[in-house]
Amino acid sequence: MRAVFVQLQCSPGKTYEVADTLFEREIASELYSTSGDYDLLMKIYVEDGVDIGKFINDNVANVPGIMRSLTTLTFKAF
């Protein structure tokens, strides 16, 4: 499995609704509210061989209230 971090920028006033929807989908290992350009930071685990772009598109990016996302792939945990 591969750990993937996704930062999410939400429409004003929609951060908690987005977080609730993502929580209900049970795809996040961890989900945090953050300061800065993005409102949420989500850690997910994706099975080897799964198209990460399609996974994000089908399970994350279609949540109402998300304006922008930034996906960071990981290589090695220390």
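This is a predicted model: local features need pLDDT of at least 70, side-chain atom pairs count only at pLDDT 80 or more; totals for chains, interfaces and linings use all residues.
1. Helices (H or I, at least four residues) and strands (E, at least two) are DSSP runs, numbered from the N terminus.

2. Residues are numbered from 1 along each chain as its sequence is written, and side-chain values use heavy atoms, with hydrogens and water left out.

3. On overall dimensions, the protein has a radius of gyration (taken over C-alpha atoms) of 12 Å, which agrees with the value near 12 Å for a compact globule of 78 residues, the globule rule being 2.2 Å times the number of residues to the power 0.38. The C-alpha atoms fill a box of roughly 35 × 25 × 20 Å, taken along the principal axes.

4. Turning to the interior, 29% of the 78 residues count as buried, where buried means under 20% relative accessible area, exposed over 50%, and partly exposed in between, with a 1.4 Å probe and protein chains only. The largest nonpolar core has 18 residues, of which L8, L22, I44 and V60 touch the most other members; such a core is a set of buried Ala, Val, Leu, Ile, Met, Phe, Trp, Tyr and Cys residues joined through side-chain atoms within 4.5 Å. At least two residues of this core come from each of β1 (2-10), α1 (15-25), β3 (40-46) and α2 (52-59).

5. How many salt bridges does the structure hold? There are 3, a salt bridge being a side-chain nitrogen of Lys or Arg within 4 Å of a carboxyl oxygen of Asp or Glu. One of them joins K43 to E30, with the closest N and O atoms 3.8 Å apart; because K43 lies in strand β3 and E30 in strand β2 (residues 30-33), the pair ties together parts that are 13 residues apart in sequence. K43 counts as buried at 17% relative accessibility, whereas E30 is partly exposed at 29%.

6. Another salt bridge links the side chains of K54 and D58 at 2.7 Å, N to O, and these two residues, 4 apart in helix α2, are separated by about one helical turn.
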